[in-house]
Amino acid sequence: MAFDKDTRNELASLVTHCRRHLTDEFTKQCQSSYGIRADGSIVPIDELTHLSDHDLGTARQLRERITYLEANDAHATTEMAIDRMLREQAFTVMNRMAAMRMAEARGLIIESVSEGMESQGFEMYDMLGGAAMGERFDRYHSYLYSMFDELAIDLGVLFDRFSPHGLLFPRETALKEFFDLLNRKSMEDIWAEDETIGWIYQYWNSKEERIAMRDASPAPRNSRELAVRNQFFTPRYVVEFLTDNTLGRIWYEMTKGQTHLAEQCRYLVRRPTEIFLGEGEDAPEQEEQEGLSQEELLKQPVHIPHRPVKDPREIRLLDPACGSMHFGLYAFDLFEAIYEEAWDKGLCPALQEAY
């Protein structure tokens with residue numbers, strides 16, 4: 001499916017509703033269970049006598065996170081630090097569930113979140129574990145945490161459930177309402193698209209919040225403001241254009257145009273009369289011709305300097321603003337084609353010897 005304007009608008013609405021819902025849920029949780037109020041007041045830990053040892057540990061970690069956020073921002077008040085902590089907790093849940101939904105759509109994990117507590121994966125888990133693990137929601141909570149642990153082996157930054165960004169989890173009613181938002185039928189097809197997670201990043205921070213930040217200060221006052229003001233998702237066609245004309249262009253010139261990338265890279269800029277120079281060969285001097293039309297100029301010969309073929313393992317790609325790995329995903333496709341060509345055509349004997 002194409003990420004057209006209507007699709008993006010509906011996804012933006014979905015993300016906005018999920019953010020508000022999760023933030024409201026965690027605000028209520030913090031106040032009712034952990035003695036942390038949105039107005040900045042915090043109940044001393046020794047007064048939380050109603051909490052279990054596990055929940056007391058969570059209460060301490062939440063306070064440590066608030067203290068850390070306040071200490072590392074000269075402009076932050078306790079109220080602001082609490083607000084940021086709540087947003088972090090909400091974003092972590094949104095991010096994890098969206099990532100699992102995308103993994104489901106690709107067949108990488110068993111159905112776990114798209115049908116909530118009716119999901120196939122949980123049904124199997126519940127059949128084996130049984131009622132000994134507590135109420136049904138408690139068992140589902142344990143199941144999701146088991147999935148987090150499994151996924152954290154490869155994606156620790158996102159799924160590490162001991163992270164200070166992921167201390168809270170929605171209660172049963174709130175989780176069901178969140179899943180109703182996340183799994184709306186009209187958005188079912190987006191989860192198979194690589195772009196989805198990037199647009200979720202983009203829409204998590206609202207336009208109104210960016211405007212308020214700029215009105216409050218001409219320069220970002222902390223790391224979060226820096227991210228919110230400048231973090232924009234790059235659309236697919238821009239990713240392809242930039243990668244085609246950097247990584248793709250390098251290999252195109254190394255192979256003197258004899259590469260499948262010439263067709264695969266649909267945004268690769270080429271001229272109709274390219275002349276690839278050999279090693280040590282210089283381009284002949286050309287007389288300037290004035291008054292030529294754009295069409296005539298395009299037909300003029302273009303001499304491309306010799307670029308020796310490299311071992312693909314020595315070709316590096318740097319994304320200085322890596323967010324959702326959108327450039328990396330597309331670059332992987334090009335690298336895969338480059339490696340295959342280098343091996344199949346014998347362009348790199350060392351690669352054939354190694355593999």
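A salt bridge here is a side-chain nitrogen of Lys or Arg within 4 Å of a carboxyl oxygen of Asp or Glu. Keep in mind that this is a predicted model.

**Stop 1: E118 and R136**

Select E118 and R136. Their side chains meet in a salt bridge, at 3.8 Å from N to O. The pair links distant parts of the chain: E118 sits in the loop between α3 and α4 (120-129), R136 in helix α5, and they are 18 residues apart. E118 is exposed, with a relative accessible area of 53%. R136 counts as partly exposed, at 28% relative accessibility. How many salt bridges does a search of the whole structure find? The search finds 18.

**Stop 2**

Move to R249. R249 and E253 are four residues apart in helix α11 (residues 236-254), so about one helical turn separates them. Are R249 and E253 buried or exposed? Both are buried.

R249 and E274 are both buried.

Then select E118, E123, D126, R136 and R139. Salt bridges that share partners join these residues into one network.

**Stop 3: R101**

Select R101, in helix α3 (residues 78-105). R101 is buried yet has no salt bridge. The nearest side chain of opposite charge is E104, 4.0 Å away. Which side chain makes a polar contact with that of R101? Show N183: the contact is 2.9 Å. Leaving aside neighbours within four places in sequence, R101 is also in contact with V113, S114, E188 and W191.

**Stop 4: aromatic rings**

Switch to the rings. A search of the whole structure finds 14 aromatic pairs. Select F91 and Y201, a tilted pair: 5.8 Å centre to centre, with 45° between the planes. F91 is partly exposed, with a relative accessible area of 23%. Y201 is partly exposed too, at 22%.

Go next to F148 and F159. Their ring centres are 5.8 Å apart and their planes are at 40°, so the pair is tilted. F148 lies in helix α5 (residues 136-152) and F159 in helix α6 (residues 156-159), so the pair ties together parts that are eleven residues apart in sequence. Both F148 and F159 are buried.

Stay on F148 and show R96. The charged end of R96 sits over the ring of F148, 5.0 Å from its centre. For another such case, select R8 and W199. The charged end of R8 sits over the W199 ring, 5.6 Å from its centre.

Finish the rings with F122, Y125, Y140, Y143, F178 and F179, which form one aromatic cluster.

**Stop 5: T16**

Last, select T16 in helix α1 (residues 5-33). Its relative accessible area is 19%, so T16 is buried; the cut-off for buried is under 20%. Show the backbone of A12. Its oxygen lies 2.8 Å from a polar atom of the T16 side chain. Then draw a distance from T16 to M97. Their C-alpha atoms are separated by 15 Å, and the two are 81 residues apart along the chain.

Terms used: Residues are numbered from 1 along each chain as its sequence is written. This is a predicted model: local features need pLDDT of at least 70, side-chain atom pairs count only at pLDDT 80 or more; totals for chains, interfaces and linings use all residues. Side-chain values use heavy atoms; hydrogens and water are left out. Helices (H or I, at least four residues) and strands (E, at least two) are DSSP runs, numbered from the N terminus. Buried means under 20% relative accessible area, exposed over 50%, partly exposed in between (1.4 Å probe, protein chains only). Lys and Arg count as positive and Asp and Glu as negative; His and the chain ends are not counted. A polar contact is a pair of N or O atoms within 3.5 Å; within protein, one must be able to donate a hydrogen and the other to accept it, and residues adjacent in sequence count only if both atoms are side-chain atoms. Contact means heavy atoms within 4.5 Å. Rings of Phe, Tyr and Trp (its six-membered ring) pair if their centres lie within 6.5 Å; planes under 30 degrees apart count as stacked, over 60 as edge-to-face and the rest as tilted. A charge sits over a ring if NZ of Lys or CZ of Arg is within 6 Å of the ring centre and within 35 degrees of the ring normal.
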